[in-house]
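Open the model in your viewer and keep the selection tool at hand. The stops below say what to select and what is found there.

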Amino acid sequence: MIEIIPAIDLIGGDCVRLVKGDYEQKTVYSKDPVEVAKVFQDTGIRRLHLVDLDGAKTGKIINLSILESIASQTSLMIDFGGGITSDEDMNAVYNAGADIATIGSVAIKEPEKFLEWIAKYSSARMLLAADVKNDLLAIAGWQEITSRNIFDYLQQYSQPGLQLFCTDIHKDGRLAGPSFDLYERLVISFPEMKIIASGGVTDIEDIAKLEKIGCSGVIIGKALYEGRITLKQLKPYLH
Amino acid sequence: MNVAIINYNAGNTRSVFFALERLGIHSCITDDMKEIRSADKVILPGVGEAGSAMAYLKEKGLDILIKDLEQPVLGICLGMQLMCRYSEEGKTDCLNIFDLDVIKFTQPGKVPQIGWNTLYNMKGPLFAGIPEHSFMYFVHSYYIGISGDTISETQYATLFSSAFKKDNFYGVQFHPEKSGKSGEQIIKNFLTL
């Protein structure tokens with residue numbers, strides 16, 4: 001069954017959503033992300049995608065204390081990302097209670113370091129993040145579109161045992177439906193990888209469709225916060 | 001009660017610590033021999049990669065100490081795998097408490113297994129009050145086959161040991177600290193052994 005992974009994006013300790021990664025277009029959904037996480041847990045959600053948007057922007061982890069609060073007050077399986085660049089960051093994130101580290105820029109800019117981390121912490125504890133626009137990788141908080149194709153890029157990481165979470169920037173926060181075509185091509189091209197869809201999920205049918213394509217998980221943000229997908233609708237996917 | 005969580009410096013040891021706190025039990029995360037030896041219960045948590053974890057345990061002399069412990073010891077996820085003879089992960093010689101090998105999942109089934117899965121054929125006090133076919137949360141790419149020590153079975157690509165027991169040593173492949181109420185019950189059961 002496809003895994004439902006709600007996202008909590010953090011800016012200044014608040015639970016927010018951006019539109020297409022634009023920090024200027026920010027909606028604050030809650031001042032208390034720990035409460036939001038508890039509500040998820042109470043409905044049977046087991047996993048949480050926690051993003052430090054301040055960290056992603058500055059390249060330095062900022063919202064570590066929120067991670068620690070959520071990890072100590074819930075039993076959610078937490079993947080945390082945004083601003084992880086060094087060995088010290090990895091230690092800090094795991095020590096604060098993250099179960100899985102989400103790695104984006106380092107995997108693009110310093111593949112050797114990323115492979116070292118896989119060797120040290122195991123691939124099961126990593127979530128490879130890739131943001132794309134028209135199949136091209138985006139970096140620096142989506143400010144910069146590279147000329148690197150996602151399918152070429154993933155070749156180096158296609159050894160079994162990695163989860164890939166791929167966001168189509170063009171779709172994120174727009175509630176216009178996910179990039180089914182992109183995910184289908186990823187699932188077919190990398191059958192050994194676990195593909196987690198992210199961006200654009202609008203209603204419960206989108207989730208059924210992503211499951212049919214073969215996605216292992218789906219990250220849901222705005223649709224959940226705006227009530228287009230209710231926690232009740234997600235029940236069949238939870239235990 | 002005195003609970004020691006063994007630190008092996010490769011990932012998140014605090015999930016278990018937090019879970020115990022939520023049960024009102026204060027534990028210590030430690031690699032200190034004296035602290036571990038004097039604890040009422042010892043937990044070998046489930047994080048990191050087998051090779052680096054074993055290297056750390058050896059460096060601290062804990063590989064020998066753990067095997068000699070007489071109080072109940074619970075290995076979680078990687079902690080369970082480290083109790084085996086050998087792991088394919090990093091081609092690592094492990095603690096050899098269980099004469100079993102840890103093997104990588106092969107197709108069919110994507111690795112890592114992440115998410116809920118079902119427990120069958122649960123045996124013994126660790127599972128007291130846990131209904132048959134309960135769901136637990138798993139995160140792993142390697143597994144241990146079925147043996148005489150198996151006390152619960154789970155299916156993912158193949159049938160594997162989701163828990164085993166030998167004398168005072170218990171291992172669970174899933175994360176009880178991440179498995180809601182049933183998981184919490186398993187931790188409580190371990191603490192009352």
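Two residues are in contact if their C-beta atoms, placed from the backbone, lie within 7 Å. Select chain A: among its contacts between residues at least 6 apart in sequence, 62% join residues at least 24 apart.

This is a predicted model, in which local features need pLDDT of at least 70, side-chain atom pairs count only at pLDDT 80 or more, and totals for chains, interfaces and linings use all residues. Residues are numbered from 1 along each chain as its sequence is written, while chains are lettered from A and ligands numbered from 1 in the order in which they are written.

**Chain A as a whole**

Colour chain A by secondary structure to find eleven helices and twelve strands; helices (H or I, at least four residues) and strands (E, at least two) are DSSP runs, numbered from the N terminus. The radius of gyration of chain A, taken over C-alpha atoms, is 16 Å, close to the 18 Å from the globule rule (2.2 Å times the number of residues to the power 0.38) for 239 residues, so chain A is as compact as a globular protein of that length. Along the principal axes, the C-alpha atoms of chain A fill a box of roughly 40 × 40 × 35 Å.

**α1 and α3 of chain A**

Select residues 33–42 of chain A, which form α1(A). The axes of α1(A) and α3(A) (lines fitted to C-alpha atoms over the stretch in contact) come within 9 Å and cross at roughly 35 degrees, on a scale from 0 to 180 degrees between N-to-C directions. Now show side chains: A:Pro33, A:Val34, A:Ala37 and A:Lys38 in α1(A) meet A:Ile66, A:Ser69, A:Ile70 and A:Gln73 in α3(A). By class, this contact has five nonpolar residues, two polar and one charged; Ala, Val, Leu, Ile, Met, Phe, Trp, Tyr, Cys and Pro count as nonpolar, Asp, Glu, Lys and Arg as charged, and the others, Gly among them, as polar.

**The side facing chain B**

Display both chains: 25 residues of chain A are in contact with 26 residues of chain B. On the chain A side, α3 (64–73), α4 (87–95) and α6 (111–121) each give two or more residues. α6(A) gives the most, with three residues.

**The sheet of chain B**

Move to chain B, where an open sheet of seven strands runs β2-β1-β3-β4-β13-β12-β11 with mixed pairing; strands pair if DSSP finds at least two bridges between them. Its edge strands are β2 (27–30) and β11 (150–156). Finish on β1(B), residues 3–6, which pairs with β2(B) in the parallel sense over four bridges; B:Ala4 stands opposite B:Cys28 in β2(B).
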